[in-house]
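Dear colleague,

Please find the structure below, followed by an account of what was found in it. I would be grateful if you would read the two together.

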Amino acid sequence: MRFLSRRLVMPNDLNYANALFGGRALEWIDEEAAIYAICQLETNCLVTKHIGEISFESPATQGDIVEFGLATKKVGKTSITVTCLVRNKATKKTICLADDIVFVRVDPDTKLPVPHGKTIEALVAQTQEEMKSLNIL
Ligand SMILES: CC(=O)SCCNC(=O)CCNC(=O)[C@H](O)C(C)(C)COP(=O)(O)OP(=O)(O)OC[C@H]1O[C@@H](n2cnc3c(N)ncnc32)[C@H](O)[C@@H]1OP(=O)(O)O
């Protein structure tokens, strides 16, 4: 799992109990997972099809830096399934885990599913190259 993105919990992100609002966390997860899937499949013609189990493990509070870990779980013909873990950057405590987030590649005109042409092996190799280019290996 790679942690490549961070966000600062601001006053506008809080719920009535002064903790990070679950809806805001879900919005961030959907966006971060979509960015990850777009980069993995190298196309932005993707839609969110399914979000599986989501579990909120511990609260985040104002001023916390949260980081997003993403990993590819499964690669299908038209779809990719990813996992997203949100944790506190300082303590590494898990805030939220969203499993089985499925994105489907669609044709921009018909909006119907189309093959993305990627395999899990190709994505592993692509990720290695990307990490080398980012100087994080
Ligand atoms: C990034 C965003 O925010 S997009 C906005 C929110 N999302 C949307 O508006 C999407 C609305 N949904 C749709 O337009 C349609 O459901 C579509 C085009 C995504 C998919 O249509 P479907 O008829 O379900 O497609 P189909 O049955 O062929 O399945 C496509 C793929 O999704 C997978 N899939 C379908 N349903 C599910 C499900 N419930 N759970 C997991 N995977 C699923 C299939 O296994 C298939 O994957 P594969 O080709 O890799 O084997």
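Two strands are said to pair if DSSP finds at least two bridges between them; strands (E, at least two residues) and helices (H or I, at least four residues) are DSSP runs, numbered from the N terminus. The model is predicted, so local features need pLDDT of at least 70 and side-chain atom pairs count only at pLDDT 80 or more, while totals for chains, interfaces and linings use all residues. Residues are numbered from 1 along each chain as its sequence is written, and side-chain values use heavy atoms, with hydrogens and water left out.

Strand pairing

Strand β6 (residues 94-105) pairs with β2 (residues 46-51) in the antiparallel sense, over five bridges. Within that pairing, L46 is found opposite R105 of β6. Strand β3 (residues 54-56) also runs antiparallel to β6, joined to it by three bridges, and S55 has L97 of β6 as its bridge partner. Between β5 (residues 79-88) and β6 there are eight bridges, again antiparallel; here S79 faces V104 of β6. The hairpin of β5 and β6 has five residues between the strands, and K92 in this hairpin adopts a positive phi near 65°.

The ligand

The shell around the ligand holds 14 residues, of which T48, K49, K77, T78 and S79 come nearest (a residue is near a molecule if one of its heavy atoms lies within 4 Å of it). Strand β2 gives the largest share of this shell, four residues, and β2 and β6 each supply at least two. By type, the shell comprises five nonpolar, five polar and four charged residues; Ala, Val, Leu, Ile, Met, Phe, Trp, Tyr, Cys and Pro count as nonpolar, Asp, Glu, Lys and Arg as charged, and the others, Gly among them, as polar.

For S79, an N or O atom in the side chain is 2.6 Å from an oxygen atom of the ligand. The side chain of K49 likewise places an N or O atom 2.8 Å from a ligand oxygen atom.

Helix α1

R24 belongs to helix α1 (residues 22-41). Beyond its neighbours within four places in sequence, R24 is in contact (heavy atoms within 4.5 Å) with N12 and D13.

With kind regards

Conventions:
Polar contact = N/O pair within 3.5 Å; in protein donor to acceptor, adjacent residues only side chain to side chain.
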